[in-house]
Each structure stands twice: as C-alpha cells, then as structure tokens.
Amino acid sequence: MKEDCMADYKIDTLLAQAGIHSDERTGALVSPIHLSTTYQHPEFGQSTGFDYTRTKNPTRVNVEKTLAAIEKADYALVTSSGMAALVLLFGTFPVGSQIVAVRDLYGGSFRWFNEQEARGRFQFTYADSEETLLNQITAATDYVFIETPTNPLMVEFDIARVAEVAHAHGAKLIVDNTFYSPIYQNPLPLGADVVLHSATKYLSGHNDVLAGALMTNDKDLYDRLFYDHNTTGSTLSPFDAYLLMRGLKTLALRMERSSKNARKIVAFLRQSRAVREVYYTGKGGMVSVKLVDEASIPRILNQLRVFTFAESLGGVESLITYPATQTHADIPAAIRHSYGLTDDLLRLSIGIEDGDDLIADLRQALEGAHGSI
C-alpha cells in the first residue's frame with residue numbers, strides 16, 4: 001500500500017528515493033536485501049508482520065510501495081516475470097469470462113490467451129483498432145485488455161475513452177503499460193482498473209532482472225491477488241526485488257535519454273531509402289520499421305555492431321528484434337500478416353548510448369544491405 005507522504009511527491013523524487021528510510025534501526029540509505037525465508041515470532045501469537053518470505057518479504061514490500069506510488073495506485077504486487085503477473089491476474093477471472101483484447105500484442109500474451117481459449121477457460125475477441133475495440137465491447141464483456149502503445153506496431157489507445165465504454169457495459173479495463181512506463185502514462189487515473197508491467201523491461205532497465213508487476217486501486221481484487229500470489233508462489237526473489245528497486249531510481253533519466261535518441265533515429269530512418277515505413281509515437285524508446293527489401297534483414301542484423309540482435313527491450317543497451325522469428329513467432333503468420341505484422345518488420349529498443357553512434361551503426365548496416373542512402 002502506498003504511504004500517504006509518498007503521494008505528495010513528484011515521480012522523479014519518488015524514484016530517486018526508492019527504498020530509503022526503510023531501515024530505521026541502522027539508518028541504511030539503501031534498502032537491505034532480506035534473504036531470510038522465515039522470520040522469528042516475538043512471542044507465541046505475535047508476528048512482526050513477516051512470517052514466511054513467499055507471503056511477504058521486507059525488500060519486496062519496499063519495491064511494491066514505490067511501484068504503487070509511481071503508478072498512482074493504492075496497491076502493487078511484484079511477480080517473478082511479466083507473464084507470471086499476467087497469469088496471476090487472469091487466475092482471478094471466472095471460467096467462461098469474455099475478454100476483448102487488442103490484436104497487436106506481445107506474442108507471449110497471445111500464446112497464453114490462445115491456450116486458455118482452447119481449453120475452454122476464456123473467450124477472446126480481438127480488435128485491430130480503437131473503434132473496432134469499442135464496438136466489440138458489449139454487456140457480455142467481462143474484461144478489456146489493451147497494450148498502449150501496442151507491440152510492435154506502436155498503436156496508441158485512448159485509455160480514458162476505452163475505460164468509459166468498458167465501465168458502461170460493466171467490464172473492467174486492464175492496461176499493459178510496459179512500453180511507456182509511469183514516466184509517460186498512468187492508466188489508473190485515466191480509468192483503468194488494473195495496470196500490468198513486464199518489469200523486466202523499462203522499470204528494471206538493465207537486462208539483468210526478470211520481473212512483473214500489477215497495480216490496482218481495487219482492494220477486493222488486491223486481496224485476491226495477494227492470496228493467489230502467496231498460494232501459487234509466483235513471487236519475486238529478494239535480490240531481484242532489490243535490483244528492480246535500484247533500476248527504478250534512474251527510470252526517468254533513462255526514459256528521457258532513450259526518447260531523445262529515438263527521435264533522432266526516427267528522423268534518420270524516415271530519410272532512409274532502405275526503410276519503407278516507420279512506427280513511432282513521438283515518445284519512449286520503442287521504434288518499429290518496415291524495410292523495402294525483406295530479404296536484406298539477415299544481412300542487416302549481422303552487420304550491426306552497436307545494436308544487439310536480441311529479444312527483449314527497455315534496457316540501457318540498444319536492441320533490435322525480428323518479431324516474426326522471435327517475440328511474436330507463436331502468432332500464426334496468417335494472423336500476424338492480417339493486422340500488419342509482416343515479415344519485413346524490425347523492432348528497435350533504443351538505449352542510452354550516444355545517438356550519433358546509433359545512427360552511424362544503422363547507416364552502415366542499411367547501406368550494406370541496400371546501397372547508398
């Protein structure tokens with residue numbers, strides 16, 4: 001639960017102050033890593049508030065307080081991965097729930113959604129655009145699930161508008177806020193009921209932590225999530241909670257730098273004869289491009305030296321991903337192609353390196369594949 005005093009501060013302060021004042025006994029500036037799996041009871045029938053680390057851990061509590069504060073939430077839970085957060089949340093949904101979701105979404109989410117539907121647990125309806133999504137929300141809809149911007153076509157959805165329509169039909173809205181982070185977007189004040197993060201990405205920011213997060217203002221939902229979290233054991237380790245908290249301290253700075261770099265790179269890419277189309281919202285570090293020559297993709301990926309050809313996103317290092325064979329490989333090609341995720345698309349996660357070096361790297365790779373730009 002967020003502390004009242006934290007709500008008074010702006011996000012830069014909340015991030016920089018993550019975890020401090022958490023050890024009154026020693027005055028440690030950095031939140032301690034509490035590795036103990038179990039905790040001593042002061043006396044019979046008494047508890048310090050911590051009994052077993054799967055249920056509650058002091059380091060994990062500290063990072064959850066920060067996450068709740070920066071997403072303007074009353075409650076937050078961290079999990080062992082982004083997918084663990086998704087599965088934990090959907091585990092609270094009744095069997096037979098009907099869900100309207102964006103079509104352009106992370107391949108791992110689609111894979112799990114598809115499996116759950118095949119097992120008869122949930123029913124999914126997918127939408128390629130905001131208007132289609134709104135038209136598909138009916139009185140039978142139980143939940144609406146959106147990524148905004150979407151992955152990897154970078155389509156933005158009006159959260160407040162979607163929330164209004166969802167609530168008018170008695171449905172709850174879930175927003176995956178991984179791409180923008182709380183620096184550029186707070187879905188809960190806009191009407192969302194739950195915010196989801198792959199905290200592996202921008203929140204941690206250093207490609208060395210696997211984590212997920214859920215935030216909400218709904219106490220009944222939080223209580224259910226807390227119970228299932230403890231019961232299933234999809235908790236974040238104390239050391240990873242510490243690393244996540246350390247990464248959060250520089251989130252605002254990292255997002256600012258990656259956005260600055262992304263804008264410069266997008267300006268370059270839009271002038272490149274090797275690039276057919278650029279997808280960028282104007283903020284954040286995520287950029288997607290479609291190439292003129294799809295056959296040149298292997299050569300481009302092999303020639304890059306500063307960008308790393310790898311899955312994932314949101315770290316300090318710039319990455320380039322080929323969704324067709326990596327992050328979205330589990331989505332059948334016919335489905336991917338139907339909404340624009342074609343095999344000529346590359347996704348770039350822009351890091352904090354020097355922007356000119358990143359542009360030079362892209363230039364030499366694109367020139368080698370397509371001739372003079």
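Trainee: What should I know before I start?

Mentor: The model is predicted, and local features need pLDDT of at least 70, side-chain atom pairs count only at pLDDT 80 or more, and totals for chains, interfaces and linings use all residues. Residues are numbered from 1 along each chain as its sequence is written, and side-chain values use heavy atoms, with hydrogens and water left out.

Trainee: How many cavities of 30 Å³ or more are there?

Mentor: On a 1 Å grid over the protein atoms alone, a cavity is a set of points where a 1.4 Å probe fits but cannot get out. Points are joined across faces, edges and corners, and a volume is the space filled by probe spheres set on them. Searching the whole structure gives 3 cavities of 30 Å³ or more, and the largest cavity holds about 60 Å³ of space.

Trainee: Which residues line the largest cavity?

Mentor: Lining residues have an atom within 4 Å of a point. Here they are L269, V289, L291, I300, I320, L346, L348, L362 and L366. Two or more of these residues come from each of β9 (286-291), β12 (345-349) and α13 (355-370). Helices (H or I, at least four residues) and strands (E, at least two) are DSSP runs, numbered from the N terminus.

Trainee: How do the lining residues of that cavity divide?

Mentor: Ala, Val, Leu, Ile, Met, Phe, Trp, Tyr, Cys and Pro count as nonpolar, Asp, Glu, Lys and Arg as charged, and the others, Gly among them, as polar. The largest cavity has 9 nonpolar lining residues, no polar and no charged.

Trainee: And what is the volume of the second largest pocket?

Mentor: A pocket is an open set of points with protein on both sides within 12 Å along at least five of seven lines. The second largest pocket has a volume of about 420 Å³. Its lining has 25 residues, with G82, Y106, T178, S198 and K201 nearest the centre. Both α3 (82-90) and β6 (194-197) give two or more residues to that lining, and the largest share, 3 residues, is from α3. By type, the lining of this pocket splits into 8 nonpolar, 12 polar and 5 charged.

Trainee: Is D228 buried or exposed?

Mentor: Buried means under 20% relative accessible area, exposed over 50%, and partly exposed in between (1.4 Å probe, protein chains only). D228 counts as buried because its relative accessibility is 10%. D228 sits in helix α8 (residues 219-232). Leaving aside residues up to four places away in sequence, D228 touches L88, G91, T92 and G233, where contact means heavy atoms within 4.5 Å.

Trainee: How many salt bridges does the rule count?

Mentor: Side chains of opposite charge can pair when their charged atoms come close. A salt bridge is a side-chain nitrogen of Lys or Arg within 4 Å of a carboxyl oxygen of Asp or Glu. That rule gives 11 salt bridges.

Trainee: Which residue forms a salt bridge with D344?

Mentor: That's R276, with the closest N and O atoms 2.4 Å apart. The pair joins distant parts of the chain, 68 residues apart: D344 is in the loop between α12 (333-338) and β12, and R276 is in strand β8 (residues 275-279). D344 is buried at 8%, whereas R276 is partly exposed at 48%.

Trainee: Which residues are linked in a network of salt bridges?

Mentor: E130, E131 and R161 are.
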